[in-house]
There are 2 protein chains.
Amino acid sequence: MIGQFAAIVGDKNVLTEAGDRLPYAEGGRGLGPLPSLVVRPRGEKQMLAVVALARELGLQIILQGARTGLVEAGLAQADCPAIILSTERHNATIAIDADNRTAKVDAGVRLSSLNDAVASSGLYFPIDLGADPSIGGMIAANTGGARFLRYGDVRRNTVSIDCILPDVGQIVRLGKGLWKDNSALDLKQCIIGSSGALSIVTSATLALQPLPTSRSGAIIQLADASWLAAILRHMEGRFGSLLTAFEGMSANAVELALKHVPALRRPFSQMGLGSYYLLVELSGPDAISHELLDALLTEAVAEIFSRFPKFCLDAVVGHIDDFWAIRHAIPAALRASGTVVACDISMPRGSISEFRLQAEALARKNWPMLMLADFGHIGDGGLHFNFVWTDAERPMPAAMKYDVQAAIFEKCVTEFDGSFSAEHGIGPANIEFYRKFVPPDVRALSAAVQSAFASVPLGRVNFG
Amino acid sequence: MIGQFAAIVGDKNVLTEAGDRLPYAEGGRGLGPLPSLVVRPRGEKQMLAVVALARELGLQIILQGARTGLVEAGLAQADCPAIILSTERHNATIAIDADNRTAKVDAGVRLSSLNDAVASSGLYFPIDLGADPSIGGMIAANTGGARFLRYGDVRRNTVSIDCILPDVGQIVRLGKGLWKDNSALDLKQCIIGSSGALSIVTSATLALQPLPTSRSGAIIQLADASWLAAILRHMEGRFGSLLTAFEGMSANAVELALKHVPALRRPFSQMGLGSYYLLVELSGPDAISHELLDALLTEAVAEIFSRFPKFCLDAVVGHIDDFWAIRHAIPAALRASGTVVACDISMPRGSISEFRLQAEALARKNWPMLMLADFGHIGDGGLHFNFVWTDAERPMPAAMKYDVQAAIFEKCVTEFDGSFSAEHGIGPANIEFYRKFVPPDVRALSAAVQSAFASVPLGRVNFG
């Protein structure tokens with residue numbers, strides 16, 4: 001078997017030694033099971049041959065990209081004879097069509113490589129993330145990020161997918177890379193966000209956006225998080241599509257970031273006046289200067305202060321990169337501060353303030369030893385409602401993670417009509433909640449669609 | 001049978017008289033077969049009961065909204081015992097969540113009613129059309145329109161769908177109306193653009209956009225259509241998301257519009273200097289005044305003129321409503337001028353100029369009696385590459401429509417990697433081209449997905 005794979009991809013790209021396989025066991029949230037075999041094809045021909053051989057041998061295929069995923073969808077499973085098909089070498093092509101504002105890229109290309117390649121055309125792929133995933137992984141998870149408010153997710157910015165359906169045994173092209181096309185069912189939409197369980201994506205044509213050339217930002221200290229929707233609506237009314245981020249950060253999360261990364265610049269001489277911060281970003285095209293954006297944002301912040309005088313405590317306009325540095329330092333700061341219980345949730349935007357109050361009270365009552373250090377994308381209703389177990393003396397009790405997630409998800413999904421997986425997708429890490437919260441009729445339909453795509457098992461998620 | 005339907009929806013809403021049924025035979029491009037029975041439920045309960053009864057009686061269901069569709073997907077078929085399920089009375093609900101920028105609306109609500117209802121919240125559903133379709137019809141066709149460049153299509157602006165799958169026999173909710181959600185396969189995407197052949201949509205939650213408050217526009221006379229992509233890229237670089245339309249119009253199309261609607265204001269004292277016009281629109285939020293937009297657009301137009309001096313002949317900035325009036329008058333003007341052969345195509349944006357040259361030459365050689373009067377959405381690669389048979393003395397030969405479409409589609413799809421249906425969807429009017437141009441592997445997968453949704457036949461399109 002090993003020889004058969006090696007005949008396709010070369011000896012070096014069939015990893016059999018435990019030491020060689022170990023890096024492929026690590027996901028974005030730590031170690032999973034050690035894969036029994038890792039195969040690293042390059043190019044469509046090798047991809048097709050590897051898939052055909054795995055099918056012939058009756059091996060399940062688990063696709064793996066840059067291993068930045070947060071739900072374990074790309075990791076091996078202990079109980080199943082699967083191969084890891086790593087796309088990390090399948091990254092030769094970035095074909096830019098600047099006139100069409102699109103680029104066709106191989107699944108193994110990293111987000112940063114794509115953006116480096118298209119920058120000289122004045123373009124970028126506008127999914128803003130802390131991590132640097134592969135394009136295939138981004139499609140599998142339908143990645144969102146911090147500028148979703150303006151640009152949407154991977155789904156919105158993907159105009160075609162080339163993929164292998166093992167039953168078909170060849171590359172199927174779903175979509176032609178056009179902006180506007182209604183000549184068939186848009187089946188690539190099923191694949192986006194399917195955790196690698198419907199097909200093996202070999203390449204995709206992505207829609208690019210003009211690179212903004214001016215930016216301005218504000219960070220605002222708030223007494224608490226009680227008027228987020230009102231401020232958001234004010235800013236959207238004022239700035240429309242110039243508003244490119246509207247992020248919330250609890251004071252706890254900001255404090256952990258500042259403590260963990262001492263080089264971060266404190267925006268206020270007096271921090272922690274209140275319990276919540278907002279980061280507001282404007283981005284403009286060539287014709288709109290950053291001075292104009294600064295002036296307009298200063299004016300809008302003043303309006304907010306006069307409308308909510310007791311609620312708005314302090315604000316700084318400018319230094320946008322400093323503000324983002326704090327925001328992006330939060331996830332690592334939480335991990336460095338203890339054991340994290342992460343809840344990647346979303347809900348209607350107007351419900352966030354009330355949800356935070358109720359969920360915080362619930363957690364304080366049941367798990368007083370956990371610190372709530374949440375942050376999120378208020379502009380799209382997404383919250384990383386994360387807790388940290390900071391006690392270095394004792395490990396967090398084994399059942400606590402599940403209990404906290406179950407309680408937070410329950411409140412979010414059933415009381416606030418929200419989602420238990422806003423932007424990280426579905427994988428072994430949360431499939432139990434998928435079964436719990438997604439209604440049986442939707443799961444039955446999903447299973448029928450999944451089997452329309454592939455009769456052989458793919459990936460680690462059964463959507464039934 | 002009639003009595004059974006009447007027991008559900010009332011006598012008045014089961015149309016059996018030929019005269020009553022006749023209006024339901026008329027689509028956006030004229031009369032189709034007379035339906036044998038029209039049933040008009042109101043509310044989910046009646047919708048469910050009508051679907052269940054039709055299933056019990058073995059009747060095919062064809063969904064019909066506002067009858068503005070252009071591919072006959074909502075019209076009866078002569079050869080099949082189907083009922084027309086008209087959603088025109090199913091329009092009671094428009095539930096606005098202004099904080100979330102969404103509205104849940106019944107399928108029979110018209111686009112204009114939705115926009116009237118949300119205007120007081122400073123919001124709108126940003127699909128810009130000449131027609132006034134129902135929301136259900138817009139979902140079936142995945143309507144695009146003239147501001148696709150900025151806002152995308154119905155797909156991009158739909159966050160949940162409630163629908164009936166006849167096999168399930170109850171309302172299935174696909175999506176929860178959230179902006180960011182990856183908690184399941186996004187199955188509503190299969191339904192959007194499915195011509196009513198996968199499920200019966202009862203309602204949808206739509207994403208709304210802040211209503212722009214400032215606008216500016218330019219109309220530019222060009223010698224010909226040879227530098228469209230370069231001008232588009234210049235404008236996109238300058239204006240980014242402030243650019244809300246970039247429309248092209250052949251001089252023939254503009255002349256027919258001005259002739260057909262004498263009240264239209266001629267933007268230039270001397271029209272027809274060249275063979276092509278561009279309409280460029282900027283829209284800004286509250287913080288950006290229309291004076292600023294006018295000034296910036298004037299500057300950008302001057303840059304274009306200095307870069308392409310022989311190509312740019314004349315331009316006017318301002319009077320944006322006058323420009324749109326001309327643009328929107330074109331489709332009716334073509335119909336009033338003779339028999340229209342319509343080709344709703346799209347392609348990579350950079351190919352439009354060359355395609356026009358080649359396709360015009362092809363048509364001139366083979367069908368010299370046809371006038372090319374094309375217009376389109378250059379910003380999204382969409383072209384209404386339409387011809388008019390203007391000879392009032394003789395009818396157009398019966399085979400000509402098919403022959404012209406087949407030749408134009410062939411060139412567009414196979415030589416220019418384009419689409420034969422950019423924004424009108426698939427229906428009996430173009431299903432032959434679907435079979436011809438959509439590859440067998442994609443059709444086989446589509447058929448499998450279609451039967452995952454509904455084992456009983458729905459609509460008029462078999463995606464196999």
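This is a predicted model: local features need pLDDT of at least 70, side-chain atom pairs count only at pLDDT 80 or more; totals for chains, interfaces and linings use all residues.
Okay, the cavity. How many cavities of 30 Å³ or more are there? The count comes to one. The space in this largest cavity is about 310 Å³. Its lining takes in 21 residues, and by class those split into eight nonpolar, seven polar and six charged. If you want to find the spot on screen, go to A:Gly240, A:Ser241, B:Arg150, B:Gln209 and B:Pro210, which are the lining residues nearest the centre. Which elements supply at least two residues of that lining each? From chain A there's α6, 148-151. From chain B you get α6, again 148-151, plus β13 at 209-210 and β16 at 276-284.

Now, how do the two chains relate? Turn chain B by 180°, with a shift of 0.0 Å along the axis, and it lies on chain A with an RMSD of 0.0 Å. That's the relation of a two-fold axis. And 100% of chain B's interface residues are also interface residues in chain A, so the copies meet through the same surface.

Let's go inside chain B, then. I'll take two sheets.

The four-stranded one is open, with mixed pairing, and reads β1-β4-β6-β5 in chain B. Its edge strands are β1 (14-15) and β5 (60-64) of chain B, each pairing on one side only. β1(B) runs antiparallel to β4(B), residues 38-39, and two bridges join them. One to look at: B:Val14 has B:Val39 in β4(B) as its bridge partner.

The five-stranded sheet is open too, and here the pairing is antiparallel, in the order β7-β8-β12-β10-β11 of chain B. At the edges, pairing on one side only, sit β7 (94-97) and β11 (171-174) of chain B. On average, neighbouring strands in this sheet are turned by 15° against each other, ignoring direction.

Start at the β7 end. Four bridges hold β7(B) and β8(B) in an antiparallel pair, with B:Ile94 partnered by B:Val105 in β8(B). Their hairpin has four residues between the strands, and B:Arg101 there takes a positive phi near 55°. At the other end, β10(B), residues 158-164, runs antiparallel to β11(B), again over four bridges. There, B:Ile164 has B:Ile171 in β11(B) as its bridge partner.

What about helices on these sheets? Follow α3(B), residues 44-57. On the four-stranded sheet it lies across β4, β5 and β6 (82-86) of chain B, running at about 175° to β6(B). But α3(B) also lies across β10, β11 and β12 (200-207) of chain B, and its angle to β12(B) is about 140°.

Which strands does α4(B) lie across? Those are β7, β8 (102-106) and β12 of chain B, and α4(B) runs at about 40° to β7(B). That's my tour.

How values were computed: Residues are numbered from 1 along each chain as its sequence is written. Chains are lettered from A and ligands numbered from 1 in the order in which they are written. Side-chain values use heavy atoms; hydrogens and water are left out. Copies are superposed by least squares on the C-alpha atoms of residues with pLDDT of at least 70 in both. Contact means heavy atoms within 4.5 Å. On a 1 Å grid over the protein atoms alone, a cavity is a set of points where a 1.4 Å probe fits but cannot get out, and a pocket is an open set with protein on both sides within 12 Å along at least five of seven lines; lining residues have an atom within 4 Å of a point. Grid points are joined across faces, edges and corners, and a volume is the space filled by probe spheres set on the points. Ala, Val, Leu, Ile, Met, Phe, Trp, Tyr, Cys and Pro count as nonpolar, Asp, Glu, Lys and Arg as charged, and the others, Gly among them, as polar. Two strands pair if DSSP finds at least two bridges between them. Axes are lines fitted to C-alpha atoms, for helices over the stretch in contact, and angles run from 0 to 180 degrees between N-to-C directions.
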